[in-house]
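Here is a short briefing to read alongside the sequence and the 3D view.

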Amino acid sequence: MSRHKNIVFVTVGSTRFDALVDKVISEEVILSLKSKGFEKMVIQTGHSNVPSGLGLKENEDMSQGNIFGLLIEVWPFRPSLKEMYEDAELVIGHAGSGTIIEVLRLGKRMIAVPNETLLHNHQAELAEALDAVGYLVSSSVRDLAVAIGQATSKKFERFPEYDASKFNGILDEEMGFNVAA
Amino acid sequence: MNTLITACFAILFLVILRVIFVIRHPPTPRFSPGQTCHLTVFLGSGGHTSEMLQMLRGLDVERYEPRTYVVSEGDQFSAVKAAELESSFPFSPKFEVFTIPRARKVLQPLKTVPMTAIVSLYACMWLVTFKPLLKRQSFGDLLLLNGPGTCVPLFIAIFINRALVGRFLVQWPALASKKADYAGWLI
């Protein structure tokens with residue numbers, strides 16, 4: 001596999017999010033990505049519908065090609081998402097909490113796009129709260145091209161590392177264990 | 001039919017006795033360092049399960065044992081993930097997985113829900129109250145819940161049994177209140 005410096009990775013996990021998949025291959029978004037120096041986009045589409053007629057070359061577990069001058073790889077499911085997060089300069093994802101936390105802990109720039117068709121839109125609540133603290137950029141599908149500009153220039157806050165002792169400490173306190181340090 | 005009604009009244013009577021007992025003897029946990037604490041964990045599903053197990057990664061497994069995981073019927077993911085976490089602990093795993101029937105299955109017609117909900121609640125009460133009484137072992141000294149809706153029957157069973165939730169933890173400063181502690185990121 002050829003190495004590209006500037007990769008953007010798009011993921012919807014195992015969900016179906018047609019609107020986001022359609023948007024990232026639109027001319028508007030691709031031009032925005034190219035203007036920020038991105039050379040390749042890898043899209044993990046999960047259960048989403050991928051538009052036909054893109055002129056991509058079908059391989060065994062993915063298809064690839066060139067759309068509006070950007071190299072594109074489309075994978076329904078990638079075996080290891082973590083590897084992709086590590087390779088990418090920017091991750092555009094649905095706003096699932098698992099994805100968000102994993103990406104932020106790797107210190108990557110992220111745009112979280114809540115799937116507005118979900119019940120109560122709880123993903124939006126999470127994404128907006130994290131945006132307000134400065135961990136990521138939250139964007140609607142419609143405003144994605146603008147969000148790419150923000151996410152590539154913004155100075156992000158570093159997301160706190162996982163502290164395994166914290167929760168155990170709360171349990172000890174609650175149960176009245178006389179904690180000897 | 002008469003037997004069923006009698007049985008229902010008998011159960012109700014036992015429940016009332018239990019409530020009176022619990023109100024008179026509210027639990028005030030005071031463990032000392034050498035003691036062990038039976039931990040019971042409800043694993044909701046997908047993301048709820050992942051977050052709960054993530055919080056438990058730093059668990060003092062010698063202190064919090066044995067461990068009981070409660071999963072919903074058909075939720076293989078949670079059962080497998082719990083076993084994975086257990087096998088990552090440095091000591092030989094001391095745990096069991098208990099399955100409770102769902103209050104409503106996906107696509108189940110609404111009019112049959114009361115019946116399945118009762119079955120679900122009964123299974124929770126069995127786990128929380130009757131089994132511990134019969135077998136003379138605790139259901140758990142400490143119970144952890146983090147949603148979702150399927151934890152409600154379990155919660156009701158505990159409401160009948162105990163003096164409610166000891167402590168609510170939230171992960172957002174804005175959600176903190178007199179009743180809910182904010183302790184930073186736990187996952």
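Predicted model: local features only at pLDDT ≥ 70, side-chain atom pairs only at ≥ 80, totals over all residues.

**A helix pair, a sheet and an interface**

Residues are numbered from 1 along each chain as its sequence is written, while chains are lettered from A and ligands numbered from 1 in the order in which they are written.

**The helix pair in chain B**

- Helix α3 (residues 76–88) of chain B packs with α2(B) at an angle of about 15 degrees, and their axes are 10 Å apart. (Axes are lines fitted to C-alpha atoms, for helices over the stretch in contact, and angles run from 0 to 180 degrees between N-to-C directions.)
- The crossing of α2(B) and α3(B) is right-handed (the near helix is turned clockwise from the far one by less than a right angle).
- From α2(B), the contact draws on G46(B), T49(B) and L53(B), and from α3(B) on F77(B), S78(B), K81(B), A82(B) and L85(B). (Two residues are in contact if their C-beta atoms, placed from the backbone, lie within 7 Å.)
- By class, four nonpolar, three polar and one charged residues make the contact of α2(B) with α3(B). (Ala, Val, Leu, Ile, Met, Phe, Trp, Tyr, Cys and Pro count as nonpolar, Asp, Glu, Lys and Arg as charged, and the others, Gly among them, as polar.)

**Where the chains meet**

- In this interface, 25 residues of chain B are in contact with 18 residues of chain A.
- Helix α2 (residues 46–55) of chain B gives the largest share of the side of chain B that touches chain A, with three residues.
- That side of chain B divides into 14 nonpolar, six polar and five charged residues.

**The sheet in chain A**

- Chain A has seven helices and eight strands (DSSP runs numbered from the N terminus: helices are H or I, at least four residues, and strands E, at least two).
- An open sheet of eight strands runs in the order β3-β4-β5-β2-β1-β6-β7-β8 (chain A), with mixed pairing (two strands pair if DSSP finds at least two bridges between them).
- The edge strands of chain A are β3 (57–58) and β8 (137–138), each pairing on one side only.
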